[in-house]
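Student: Please show me how to read the side-chain packing in a model.

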Amino acid sequence: MTKTEQPQGPQNDDAELAEFGYRPELKRTLGNFHTFAAGISYISILTGTFQLFYFGYGSGGPAYWWSWPMVFVGQFTVALCFAELAARYPVAGSVYNWSKKIGNPHLGWLAGWMMLIASVVSISAVSLAYQLTLPQISSVFQFVGDGTGKYDVATNAVVLAAVLILFTTVVNAFGVKLMATINTAGVFIELIATVVLIILFAVHITRGPQVVLETNGTGAGHSTGYLGAFLVASLASAYVMYGFDTAASLGEESLDPTRNAPRAIIRAIVASFVLGGLILLLALMSVSSLKGDKLSTDGLQYVVLDVLGPTAGKAMLWCVLIAVTVCALAVHTAAIRLAFAMARDNNLPASSRLAKCHPRFQTPILPTVIIGILALSILLVNIRQPQIFTVVTSIGIIMIYLAYLGVTVPMLVARVRGRWQPAGDGRFSLGRWGLPVNVVAVLWGAAMTTNLIWPRAAVYNAAAPFHWYLRWGAVLFVGIIAGGGFAYYWFVQRHRTGVLAEHQSEGAVPPAAPFTTPASD
């Protein structure tokens with residue numbers, strides 16, 4: 001692995017765009033910490049751990065903690081591949097453009113489509129985390145009923161989530177500078193709160209680290225014993241540690257992106273692993289009792305209130321709320337850049353309108369609004385069918401892992417064929433480690449995608465009513481979304497594909513990359 005620092009002037013920031021045939025349109029205002037903040041706010045330590053601890057603990061007991069380092073190792077290999085790509089191609093819609101460049105236009109479209117749908121679903125899923133926190137701060141935030149009615153919690157979750165989505169839509173519509181300011185401030189608060197929480201948990205320890213060897217008998221209901229329980233519980237970690245590519249997706253709005261984006265990707269996932277792992281470990285070591293069902297129903301919110309008491313505990317939950325807010329903002333931002341990137345290539349319906357930037361705010365307004373509306377629409381499913389929403393959320397995560405495979409697989413093929421050329425000029429490169437790291441990234445992505453999509457009742461239909469279409473929902477819907485979307489592309493959209501005239505770099509048709517397979521009719 002090599003990484004040598006050499007000065008690079010801002011006048012070269014747009015050089016890589018010409019290779020795609022694009023002219024610069026987005027305003028470059030983001031510095032090093034801004035790009036790091038974008039990546040870590042998408043992963044969002046406090047959002048993910050607080051939203052999914054209950055599931056991991058309930059499925060695998062305290063020993064589920066080991067899934068955190070396991071997922072980190074796998075995702076870190078993916079992040080290293082992405083960092084190398086970010087040093088070479090720091091462009092909007094990173095996954096889409098990378099897959100298109102090192103694979104072919106068809107694969108690129110499918111990766112972009114999967115990532116776009118998954119991002120919209122993720123906005124809805126992240127926004128629902130408000131319900132896990134706000135009513136525990138105060139019952140005032142339980143607007144619908146008193147929380148005991150059959151649909152009180154699910155409906156109230158939609159109301160709170162809708163407010164958050166409206167907020168992220170407005171902020172993103174007013175440009176990257178406002179978004180970056182709020183996101184950076186939120187990330188700073190989240191990091192400080194995370195460190196404080198780790199310290200507070202540490203001074204209230206009641207048991208040793210051997211707690212992570214306890215399984216609570218969760219393997220009893222699985223034919224493979226605890227391995228089956230662990231694989232289910234590992235989804236809690238797999239659902240958190242992704243989105244680090246967002247730092248590269250903002251490459252066209254960043255200063256010195258070929259150097260800042262790779263660093264931001266790596267720092268975001270490493271920081272998330274260290275801080276998140278400590279929170280999970282110390283929570284298990286400090287909670288007053290591991291018995292009862294509170295840990296598998298109320299999760300980390302219960303631990304915080306139990307360990308810190310109502311006053312300090314609720315103050316920490318407000319910090320969690322800030323983390324959820326900036327996470328939703330980051331996911332929305334990434335989805336907008338992806339939609340803009342695909343529309344710029346005339347790869348979406350009404351592309352010329354979707355790829356148009358507002359003259360004052362220099363951000364694509366129409367995708368911002370449409371993505372917000374779609375995320376709000378998905379929320380409606382949760383009002384009376386929260387189990388179906390769980391399936392939809394899981395599908396979103398699966399599609400993100402598939403989209404990542406749409407990058408790491410063609411990258412591996414390019415390496416094997418000797419056609420991959422990393423960025424030069426001292427920028428980030430894996431060097432001789434590129435091939436083994438890429439192989440592990442592909443194997444990991446395939447294994448975790450299989451684990452995510454496996455039709456287990458414990459994941460997709462854990463409570464009555466039991467229906468076959470819930471259990472097989474992930475397989476069915478991923479197939480429909482991928483197959484139906486690609487059919488639309490193949491028969492309709494691919495015949496229109498090409499950089500729109502108003503977005504082309506001046507006086508040149510973009511040259512094909514040496515390892516790109518030309519599209520054929």
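**Aromatic pairs, cysteines and cores**

Tutor: By the ring-pair rule, the count comes to 20 aromatic pairs. The rule takes rings of Phe, Tyr and Trp (its six-membered ring) and pairs them if their centres lie within 6.5 Å; planes under 30 degrees apart are stacked, over 60 edge-to-face, and the rest tilted. One of the pairs is Phe20 with Tyr22, which is stacked, at 5.8 Å centre to centre and 15° between the planes. This is a predicted model, in which local features need pLDDT of at least 70 and side-chain atom pairs count only at pLDDT 80 or more, while totals for chains, interfaces and linings use all residues. Residues are numbered from 1 along each chain as its sequence is written, and side-chain values use heavy atoms, with hydrogens and water left out.

Student: Are Phe20 and Tyr22 buried or exposed?

Tutor: Buried means under 20% relative accessible area, exposed over 50%, and partly exposed in between (1.4 Å probe, protein chains only). Phe20 counts as buried at 4% relative accessibility, and Tyr22 counts as buried at 1%.

Student: Which residues form an aromatic cluster?

Tutor: One cluster is formed by Trp109, Trp113, Phe486, Tyr488, Tyr489 and Trp490.

Student: Which charged end sits over the ring of Trp490?

Tutor: A charge sits over a ring if NZ of Lys or CZ of Arg is within 6 Å of the ring centre and within 35 degrees of the ring normal. Over Trp490 it is the charged end of Arg494, 3.6 Å from the ring centre. Lys101 lies over the face of Phe20, at 4.9 Å from the ring centre.

Student: How many disulfides does a search of the whole structure find?

Tutor: A disulfide is a covalent bond between the sulfur atoms of two cysteines. The criterion is a pair of cysteine sulfur atoms within 2.5 Å, and the search finds zero.

Student: How many residues does the largest nonpolar core have?

Tutor: In soluble globular proteins, nonpolar side chains tend to be buried together. A nonpolar core is a set of buried Ala, Val, Leu, Ile, Met, Phe, Trp, Tyr and Cys residues joined through side-chain atoms within 4.5 Å. The largest one here has 158 residues, and those with the most contacts inside it include Phe82, Leu85 and Tyr404. Apart from that core lies another, of eight residues, among them Leu30 and Leu329.
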